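Welcome, and thanks for taking a look at this one with me. Below are some numbered notes to read alongside the sequence and the model.

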Amino acid sequence: MTNVTHWIAGERLAGERRIDVYNPATGEAIRQVAQGSADTVEQAVAGARAALPAWREMPPARRAQVMFRFKMLLERDAEQICQLVAEEHGKVLEDAMGELKRGIENVEYACGVPELLKGEYSHNAGPGIDTWSNHQPLGIVAGITPFNFPAMVPLWMYPMAIACGNAFILKPSEQVPSAATKMAELLDEAGLPKGIFSVVHGDRETVEALIDAPDVKALSFVGSTPVARAIYQRGAANGKRVQALGGAKNHAIVLPDADLDNAANTLVGAAFGSAGERCMAISVAVCVGDHTADALVDKVADQARHLKIGPGTEKGLDMGALVNAAHRDRVAGYIARGEQAGADLVVDGRAHARVEASPGYFLGATLFDRVTPEMSIYRDEIFGPVLCVVRVETFEDAIELINGHQYGNGSCLFTRDGEAARRFADRIEVGMVGINVPLPVPVAFHSFGGWKESLFGDLHAYGPDAVRFYTRRKSVSQRWPQRNEWASAEFSFPSG
Ligand code: NAD
């Protein structure tokens, strides 16, 4: 078994504490990953501190050159990275490639950092006074990322943070560590000065050391809501800037006038793609009227029964394994509870042939109909291949249902009615809205974030918000009076 090491100031560091990393398709431990302590975090901080002054002074256009090279290296080694992702996460290779491409878009955005850091300027803001404001880096910032997007979610964070002139310490998910270390090597090859990017692997102990490290000025977190809340609170109590993106329960409303074939096809992908382990996965379809529900359930059920499921590293599959045994069992437990609570179990993923035939952590796609809002399968984030259909009578009922949910990441509407679409986009209480687009994950030049329990903090991830998050604004007012024009003391507040 090989070991996944920390990457600190351009060096591999084995560390003393290690845990196993599993291949979810086989259930076998395939490598071990180091687990960092407060000392490991301090080493990364020391490396960053040493490298920062020169990096901060480097013109943004030269920092961008590193990003251009990094993008090319990510594309060169894309297959190798996706193989690592599929092997440790379980998702299928094509899906891994999709996440990597969406991640690379963030590197492309970071290549435009000279333009993004351009400040504002006012000539003659006051008599003979010019004022400008610019964005200065924070210093050392850290990111803590979840298991479900081993390549993309870290890329939401560090390309922009680094391009803005910061040093970045990444603490990836201990379940899927290899892609992060591989990408650190590529940044090194791209010419990033050592110490500007470090990867410290680990768990809660490592994360808490990062939150408590006085030199770490900001934290970006993506993961589950309880951890997001805890990190936001502890980070804020330590005086840090924190953005903490949490869990989700994303609803799709299907109106009677929708193209139901299109809705069913795209819902199947949005609900079961990546085994439902996406924070933007659609896990609830709210059908307006029984006629809509009957037709949609038939169409989705037909496809859900015939998904091709297997090891993510094999090509041509629809869905891979879930990330670990405990999570697979947790999702299966929800299916049992939904059945007991009286929901209609139309397709039971536990009965899929793969589940019995393989030691891996497989579950087939599950479809529940006639789910009601008090059931745990409706209230909780399941984070597995389970789609719940809720039947309502009116469009207004559907909006009210979604707005009453504690999560507010994304939501979408299937319709041909422009007026309904406009009302939906305006009134729905989520951060990301799709109209006939089931996974409205914004492109890299917009920003990503939910509302309510799906995000703690003010600024969203990547895009323009990333510039604001990873920099602080400074305004400068300047006057160069003639020698004989020096002002006398004024005691009233200066006004134009
Ligand atoms: P998780 O919260 O268990 O772990 C996320 C990260 O936090 C990992 O790096 C982990 O090591 C660390 N961590 C875990 N417990 C911790 C603790 N008690 N204290 C400090 N750090 C801790 O999440 P996960 O299971 O890896 O990922 C799935 C979750 O992430 C889902 O809830 C999903 O919705 C969410 N997610 C959200 C988004 C989003 O953009 N909102 C994107 C992807 C995933």
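1. Let us begin with a loop residue, Tyr462. Tyr462 counts as buried because it has 30 C-beta neighbours inside 10 Å; a residue is called buried if 20 or more other C-beta atoms lie within 10 Å of its own, exposed if 12 or fewer, and partly exposed in between, with C-beta atoms placed from the backbone. Tyr462 sits in the loop between strand S22 (455-456) and helix H17 (463-469). Helices (H or I, at least four residues) and strands (E, at least two) are DSSP runs, numbered from the N terminus. Although Tyr462 is not a glycine, its phi is positive, about 45°. Most residues other than glycine have a negative phi.

2. A word on what you are viewing. This is a predicted model, in which local features need pLDDT of at least 70 and side-chain atom pairs count only at pLDDT 80 or more, while totals for chains, interfaces and linings use all residues. Residues are numbered from 1 along each chain as its sequence is written. The protein has a mean pLDDT of 96, with 99% of its residues at 70 or more; pLDDT is the predictor's confidence in each residue, from 0 to 100. For the complex, the predictor gives an ipTM of 0.98 and a pTM of 0.97.

3. Ala275 also deserves a glance. Phi of Ala275 is positive, near 55°, and this residue is other than glycine. Ala275 belongs to the loop between helix H10 (260-272) and strand S14 (282-288). Is Ala275 buried or exposed? Ala275 is buried, because 35 other C-beta atoms lie within 10 Å.

4. Now the domains. The assignment gives domain 1 (2-246 + 454-476) and domain 2 (250-435); such bounds come from an automatic or database domain assignment. Taken over C-alpha atoms, the centres of domain 1 and domain 2 are 31 Å apart. Their contact takes 19 residues from domain 1 and 24 residues from domain 2, where two residues are in contact if their C-beta atoms, placed from the backbone, lie within 7 Å. On the side of domain 1 that touches domain 2, helix H3 (78-89) and helix H4 (93-110) each supply at least two residues. H3 gives the most to that side, with four residues.

5. A kink of about 45° lies at Ala51 in H1, shortly before the proline Pro53. The bend at a residue is the angle between axes fitted to the seven residues ending there and the seven starting there. Buried residues of H1 include Val41, Ala51 and Trp55. Among the partners that the buried residues of H1 pack against are strand S8 (140-144) and helix H8 (204-212).

6. Helix H7 (residues 178-189) has twelve residues that should span 16 Å, and its end C-alpha atoms are 17 Å apart, which agrees. Lys182 and Met183 are among the buried residues of H7. Just after H7, Gly191 takes a positive phi of about 100°.

7. Finally, Arg427 is found in helix H16 (residues 418-427). Arg427 counts as exposed because it has 12 C-beta neighbours inside 10 Å. Arg427 and Arg330 are 97 residues apart along the chain, and 34 Å separate their C-alpha atoms.

Notes: The expected span of a helix is 1.5 Å times one less than its number of residues.
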